[in-house]
Structure formats: C-alpha cells, structure tokens
Amino acid sequence: MSETKAQPLRPPFECQRCGQCCHGRGGIFLRPAQVPAAAAELGLEPPEFLADFCRQEDGLYEVLVDAQGVCRLLGTQGCRIHQAKPDICRRWPYFDNILARRTAFEDARQGCPGIDPEISYEQFVAHARSLGYVE
C-alpha cells in the first residue's frame, strides 16, 4: 500500500462573507474602471455611489469606513458589492505579510472562518503559489 500526502478536506480559503476582513481603516481602493460595476451592485449610478461610499485620492477611489473603522460597504449579509469588490479585497487572505510570516498566517487563520483551520502554513503558501500570489 503506497502512502499518500494528506490533502485538505476543504478549500484552503472559502469566503464566508463574515465581514471580519472589513474592519480597519484605509487601504481599500477602487480603480475608476471598477466603479460602474460596484455602483451597479447597489443599483446606483457611479456619481451617487462615489458620493456615498468613496473619496478620491491619487486617481483612485478610497472606500470610506465608519467611525469604528468598518467598511461602509459591509452590510448584514457581508460585502454589499461582493461580486465587484476591490482588488485588495479579492486577494484576501493571500496578502504578502500573511504569506511571508507563519505568525501572521496563524493570526489570520484564527480571525477568519474562511481559512481552513486544518491547513498548514506550508499548504497555504503552496496554494497561494498555485494561484500566482507567490513566485
């Protein structure tokens, strides 16, 4: 009988739309070309969407947060523009810091129910590599 390497029982990451990653100030930007799709997710015209949810900075649109640092696009069912969410949000949890440091990965895994609790750091990084996030 040959021995096989154990594979994770679930995907390394599967968004649960819990909103944990939607807490924190700044750093979430939409490129101008992304605004129409984001606005459409809310049934808004781009100018109305921008006025309600963003501020312009350096040719990009920063998504606003509330007084507690929670993204203004977070609703009771998760991200209100999930299908058109910003690139940085799509990349979660495959951030450079998480991929480079085991302790950062462990922190992310504890805080994010979408990360398989059984996956090892090495398996997670290998999966990120297969997605093109690591060279």
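I count a residue as buried when its relative accessible area is under 20%. I am working from a predicted model.

**Entry 1: Glu-62**

I started with Glu-62, in strand β3, residues 60–63. Is Glu-62 buried or exposed? Its relative accessible area is 9%, so I put it down as buried.

Next I looked up what the side chain meets. It makes a polar contact with the side chain of Arg-55, at 2.7 Å. The Glu-62 side chain also reaches the backbone nitrogen of Gly-27, at 3.4 Å. I then listed the contacts of Glu-62, leaving aside neighbours within four places in sequence. They are Gly-26, Gly-27, Ile-28, Phe-29, Phe-53, Cys-54, Arg-55 and Glu-57.

**Entry 2: the sheet around β3**

I traced the sheet next. It is open, has 3 strands and runs in the order β1-β3-β2, with antiparallel pairing. The edge strands are β1 (29–30) and β2 (54–57), and each pairs on one side only. I checked the β1 side of β3. These two strands pair in the antiparallel sense over 2 bridges. I noted one partner: Leu-30 is bridged to Tyr-61 in β3.

Which helix lies across the strands? I found α2, residues 46–53, lying across β1, β2 and β3. Helix α2 runs at about 90 degrees to β2.

**Entry 3: the nonpolar cores**

I turned to the largest nonpolar core, which has 18 residues. Leu-30, Leu-42, Phe-49, Phe-53, Cys-54 and Leu-73 touch the most other members. The elements giving two or more residues to this core are α1 (35–41), α2 and β3. Another core lies apart from it, with 15 residues, among them Trp-92, Tyr-94, Ala-108 and Val-125.

Leaving aside neighbours within four places in sequence, I list its contacts as Leu-30, Val-35, Ala-38, Ala-39, Leu-42, Leu-44, Cys-54 and Leu-73.

**Entry 4: aromatic pairs**

I describe a pair of aromatic rings by the distance of the centres and the angle of the planes. I counted 7 aromatic pairs. Why is the pair of Phe-49 and Phe-53 called tilted? The ring centres are 5.5 Å apart and the planes stand at 35 degrees. Stacked needs planes under 30 degrees apart and edge-to-face needs over 60, so the rest count as tilted. The angle of 35 degrees therefore makes this pair tilted.

I also checked the spacing along the chain. Phe-49 and Phe-53 are 4 residues apart in helix α2, so about one helical turn separates them.

I then went to Tyr-94 and Tyr-133. This aromatic pair is stacked, at 5.3 Å centre to centre with 15 degrees between the planes. The pair links distant parts of the chain, 39 residues apart. Tyr-94 sits in the loop between α3 (87–91) and α4 (96–100), and Tyr-133 in the segment after α6 (121–130).

How do the two tyrosines stand on burial? Tyr-94 has a relative accessible area of 4%, so I call it buried. Tyr-133 is at 30%, so it counts as partly exposed.

Ring pairs link Phe-13, Tyr-94, Phe-105, Tyr-121, Phe-124 and Tyr-133.

Conventions: Residues are numbered from 1 along each chain as its sequence is written. This is a predicted model: local features need pLDDT of at least 70, side-chain atom pairs count only at pLDDT 80 or more; totals for chains, interfaces and linings use all residues. Side-chain values use heavy atoms; hydrogens and water are left out. Buried means under 20% relative accessible area, exposed over 50%, partly exposed in between (1.4 Å probe, protein chains only). A polar contact is a pair of N or O atoms within 3.5 Å; within protein, one must be able to donate a hydrogen and the other to accept it, and residues adjacent in sequence count only if both atoms are side-chain atoms. Contact means heavy atoms within 4.5 Å. Two strands pair if DSSP finds at least two bridges between them. Axes are lines fitted to C-alpha atoms, for helices over the stretch in contact, and angles run from 0 to 180 degrees between N-to-C directions. A nonpolar core is a set of buried Ala, Val, Leu, Ile, Met, Phe, Trp, Tyr and Cys residues joined through side-chain atoms within 4.5 Å. Rings of Phe, Tyr and Trp (its six-membered ring) pair if their centres lie within 6.5 Å; planes under 30 degrees apart count as stacked, over 60 as edge-to-face and the rest as tilted.
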